[in-house]
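I opened this model to look up how the chains are built and where they touch. My notes follow in the order in which I went through them.

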Amino acid sequence: MTAVPTGRREVLYFALRNGKLLAGLAVLVPLLVLAAVAPLIAGDDPNAYVAAPASPPSAGNWFGTTMFGQDVFAQFAHGLRVTFLVGVLGGGLAGLVGMVIGFVAGYRGGLVDEVLNMLTNIVLVLPALAVLLIVNAYLGVRSVGVQALFIGLTSWPWAARAIRAQTFSLRSRDFVDLARLSGVRTWRIITREIAPNMSSYLFMTFILLFGGSILIAASLDFIGLGPSQGVSLGLMLNNAARWNALHLGLWWWFVPPGAGITAIVGALYVMNVGLDEVFNPKLREL
Amino acid sequence: MLRLEGVTKTYRVGAFGGRTLTAVDDVSFDLAPGEVVSLIGESGSGKTTLGKMVLGLLAPSSGSITLDGVPARPGKGYYRHVQGVFQDPFSCYNPVFKADRVLRMLKEQYFPEVAADEWDGRIEESLEAVRLDPGQVLGRYPHQLSGGQLQRLLIARALLLDLRYLVADEITSMLDASTRIDVLNLLADLKVRGLGVLFVTHDLSLGNYISERAVVLHRGRVVEAGPTELVFGNPLHPYTIRLLSAVPRLTARWDGDPGAFDVSAPGDPGDPGAPAASGDDGTQGPTTLVEAEPGHLVRRDETASLRSTR
Amino acid sequence: MTLRVNDLRVHYRTLRGEVKALGGVTFDVGDGEILGLAGESGCGKTTLGKSLIRMDGRMRLAGGSAELDGRELPLGDDRRMNAFRFKEVSLVPQYSMSAMNPTRKIGKMVAELLASRGERLDTGELHRRLDLVELPRDVLTRYPIELSGGMKQRMVMVISTLLDPSLLIADEITSALDVSTQKAVARTLAEFRDRGFVRSMIFITHDISLTYQIADTIMIMYAGRLAEKAPASVIVSEPRHPYTRLLISSLPEVGVRYAERRLSGIPGRPPSLLDPPAGCRFRDRCPLAFDRCAEEPPAVEVAPGHHVACWKEA
């Protein structure tokens with residue numbers, strides 16, 4: 001075996017040699033790039049009527065057009081932007097809330113744990129859609145940001161419970177006691193000792209929350225509670241379903257957004273398995 | 001002087017904390033620099049709970065622990081002088097980091113101002129004190145090292161501080177016989193250099209080998225305490241006598257006493273942790289520690305007159 | 001002769017290659033004999049015990065054979081071994097606490113177990129044996145969770161000897177117990193032998209002082225090979241193999257005053273069994289090693305019943 005670098009560069013060393021991680025990135029990075037450059041290559045308005053309706057893929061419209069003559073590729077590229085944004089914001093917020101509550105409840109235990117657990121359970125049983133209907137009726141805000149905020153604030157409970165359970169079992173390990181004997185403060189013990197032990201687990205949680213946010217956003221779009229402007233992969237799918245694209249044989253309308261969602265979530269999952277191997281020194285040697 | 005006075009730990013158990021369980025009951029003894037005190041007990045005796053209280057990892061329900069007359073408070077100041085090593089060396093290391101991180105953690109917390117070169121020198125010195133080869137342990141992951149190496153590295157870590165007292169909780173029970181004695185000898189070397197060691201163990205032969213004084217715990221209470229040669233050579237409490245007769249030896253086979261199966265079901269009042277009301281420690285009713293001979297304490301019935309010593 | 005093991009070799013499959021956990025061991029266990037099998041972690045004692053009753057999926061019989069009461073044990077054939085398990089060879093596992101089905105009452109479990117072996121339950125005999133280990137007879141109507149650790153241990157001991165097997169293997173069954181319980185359990189095992197519940201026994205432990213208390217013969221293993229085998233009192237008082245000598249002299253004893261006298265350990269570590277070195281496997285740590293040790297020392301009978309695998313003794 002060649003010399004292995006140490007410290008932070010060591011993680012990078014193993015990361016760059018991990019097939020699963022690289023395969024996941026190979027799918028994810030092009031989609032991210034496409035989302036980033038969407039306005040440059042697909043125009044500013046994805047909903048413009050640009051060509052003959054319901055035409056199959058061609059040189060002029062790579063992914064064909066919708067029943068109304070909108071370019072599917074332009075919608076796909078712009079939809080990716082919104083989808084990534086909702087996933088990152090919604091999943092990120094849910095992950096953050098879930099981590100803070102899960103770590104504190106699991107590490108402190110006792111009364112703190114019971115109060116936080118009660119809060120978690122209350123949010124868990126809230127009928128999310130009903131709450132959104134009410135919020136929407138009163139506030140009437142329909143931006144992507146508000147949608148992400150709502151998703152983030154309602155989807156953290158299971159993450160909090162899972163992280164709490166993991167923290168609880170790690171807390172009793174002797175290395176936590178040893179860190180305390182080294183004078184390390186509680187928050188640092190959580191972030192520097194406990195969290196790294198579950199880094200792949202946390203990443204997995206984020207992936208699931210990310211994927212979940214995308215799917216919730218798509219459902220909200222369908223019942224008319226999505227952003228009133230723009231387009232997302234979920235909106236595309238639901239438009240295709242609404243106008244019977246499947247029956248009419250317009251497969252190019254629903255395949256790209258469906259494949260896009262599947263590819264993003266699938267790639268993140270494969271990356272997660274790879275990251276587990278990168279972070280866990282014992283798995284590296286096998 | 002590390003002094004424990006009337007240290008007690010009770011837990012609330014059962015639905016709504018309706019019952020209390022006394023894990024450690026009114027324990028007092030002290031530990032001087034340059035001496036090893038063995039804390040001997042079977043499972044459920046409260047010995048590990050007591051060790052954790054000395055280390056400030058658990059708070060006593062009542063009683064006091066003082067270091068040179070100052071109440072022990074968990075924190076940087078206290079841990080500069082009082083440190084611990086635990087039973088399972090593999091559990092003491094964060095598996096995702098390299099083993100020497102336990103040393104770096106001390107530098108970050110206690111010696112941020114020390115230059116890297118000087119720090120490396122200090123590490124080398126303390127590794128030498130525990131007879132570890134730096135090349136063999138630094139930069140390795142915990143699972144690449146043996147249990148003995150990991151245990152020594154933890155002792156080396158403690159030596160980087162201005163260490164005066166060490167709580168060693170069953171530190172050799174996961175080690176093989178041929179390496180176990182080396183770790184014990186290492187503690188004996190440190191003792192000569194002025195370290196006070198609280199040696200927590202269930203293994204009487206180890207306690208006999210290494211300590212000046214022994215404290216025998218049974219169900220949270222001290223049943224016998226004193227100089228090792230008196231406690232082991234002239235045991236007075238029935239529990240100590242039974243324990244000693246059950247220890248397998250190489251020089252003699254067991255006598256006629258059949259030993260005792262544990263008969264308590266889980267959750268019974270007789271469960272480890274609960275103080276015995278009667279029976280097992282051979283006493284009934286209120287008991288007290290009596291000085292049977294100079295320095296040799298034994299738990300006796302308050303009412304019973306002093307039985308003659310052997 | 002109850003058990004005769006001949007040049008038994010067992011390998012473990014791992015991702016890094018085959019670990020030669022047992023590298024050719026030959027020994028006998030006689031009628032009514034308790035053989036204490038002792039050694040440090042990784043010496044192959046547990047592998048030996050396991051291979052005589054059930055190889056797990058990672059184990060492979062690489063050579064050798066075992067005979068019980070004159071019949072060859074089909075060690076490598078998991079299905080044919082079934083006919084022997086429990087009836088002829090039985091095991092008390094290390095974690096007997098978790099060896100019982102938690103959803104069955106104990107009495108029912110015992111009846112089912114016997115039925116699966118085509119045997120009928122002799123309730124009177126079962127009760128007599130429960131009395132012997134001081135278990136109340138109503139444990140049979142309880143669930144395993146209602147028993148303490150020590151009670152489960154005794155229950156498993158009773159169950160595994162119920163069909164009076166020829167050979168009982170007890171693997172580290174006392175290492176998680178307190179000293180007084182340990183004594184009671186070890187004595188009960190010896191009593192099972194005295195009463196003929198088991199014909200012979202292999203008592204596996206890392207604790208030589210403990211095995212000396214009940215074993216007739218002690219076999220010391222090192223790195224997958226036999227180092228020395230002799231009557232128990234000979235092993236502790238006149239060991240001949242350098243490893244046995246160093247090991248025994250590293251054990252502190254209750255009832256001895258040490259004061260300033262120090263014992264010493266054995267420097268070094270056992271060799272990796274992925275690719276074990278040729279010759280004597282203790283050579284690297286042995287103070288007496290010389291040129292000849294590059295060859296593998298055979299186990300030689302230096303006195304009646306006393307086998308030593310060392311060139312210095314051959």
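**Sheets of chain B**

I began with the open sheet of 4 strands in chain B, whose order is 2-1-4-5 and whose pairing is antiparallel; strands here are DSSP runs of E with at least two residues, helices are runs of H or I with at least four residues, and both are numbered from the N terminus, while two strands pair if DSSP finds at least two bridges between them. The model is predicted, so I kept in mind that local features need pLDDT of at least 70 and side-chain atom pairs count only at pLDDT 80 or more, whereas totals for chains, interfaces and linings use all residues. Residues are numbered from 1 along each chain as its sequence is written, and chains are lettered from A and ligands numbered from 1 in the order in which they are written.

At the edges of this sheet I found strand 2 and strand 5 (70-71) of chain B, each of which pairs on one side only. Strand 1 (residues 2-13) of chain B runs antiparallel to strand 2 (residues 19-31) of chain B, with 9 bridges between them, and antiparallel also to strand 4 (residues 62-67) of chain B, with 5 bridges. I then followed B:Leu4, which stands opposite B:Phe29 in strand 2 of chain B and opposite B:Ile65 in strand 4 of chain B. B:Arg3, in turn, stands opposite B:Thr66 in strand 4 of chain B.

Next I traced an open sheet of 8 strands in chain B, which has mixed pairing and the order 6-7-8-3-9-10-12-11. Its edge strands are strand 6 and strand 11 (287-293) of chain B, each pairing on one side only. On average, neighbouring strands of this sheet are turned by 20 degrees against each other, direction ignored; angles run from 0 to 180 degrees between N-to-C directions, and axes are lines fitted to C-alpha atoms, for helices over the stretch in contact. Strand 7 (residues 165-169) and strand 8 (residues 196-201) of chain B run parallel and are joined by 5 bridges, and I noted B:Val197 in strand 8 of chain B as the bridge partner of B:Leu166. Helix 1 (residues 47-54) of chain B packs on the sheet, where it touches strand 3 (36-40), strand 6, strand 7, strand 8 and strand 9 (213-218) of chain B, and its direction makes about 150 degrees with that of strand 8 of chain B; contact means that the C-beta atoms of two residues, placed from the backbone, lie within 7 Å.

For chain B as a whole I recorded 10 helices and 12 strands. Buried residues make up 47% of its 310 residues, a residue being buried if 20 or more other C-beta atoms lie within 10 Å of its own.

**Where chain B touches its neighbours**

The contact of chain B with chain A takes 22 residues from chain B and 19 residues from chain A. On the side of chain B that touches chain A, helix 2 (76-79), strand 6 (82-85) and helix 3 (101-110) of chain B each supply at least two residues, and the largest share, 5 residues, comes from helix 3 of chain B.

**Helices of chain A**

In an unreviewed UniProt entry I found the annotation "transmembrane region" on spans of chain A that include residues 21-42 and 145-163; such annotations may be inferred rather than shown by experiment. Residues 21-42 of chain A are 95% helix and 0% strand, and their end C-alpha atoms lie 30 Å apart. For residues 145-163 of chain A, the span is 89% helix and 0% strand, with the end C-alpha atoms 26 Å apart.

Finally I looked at helix 4 (residues 72-108) and helix 8 (residues 157-171) of chain A, whose axes come within 7 Å and cross at roughly 35 degrees. Among the residues that meet there are A:Gly98 and A:Gly102 in helix 4 of chain A and A:Ala160 and A:Ile163 in helix 8 of chain A.

Technical notes:
Buried ≥ 20, exposed ≤ 12 C-beta atoms within 10 Å, placed from the backbone.
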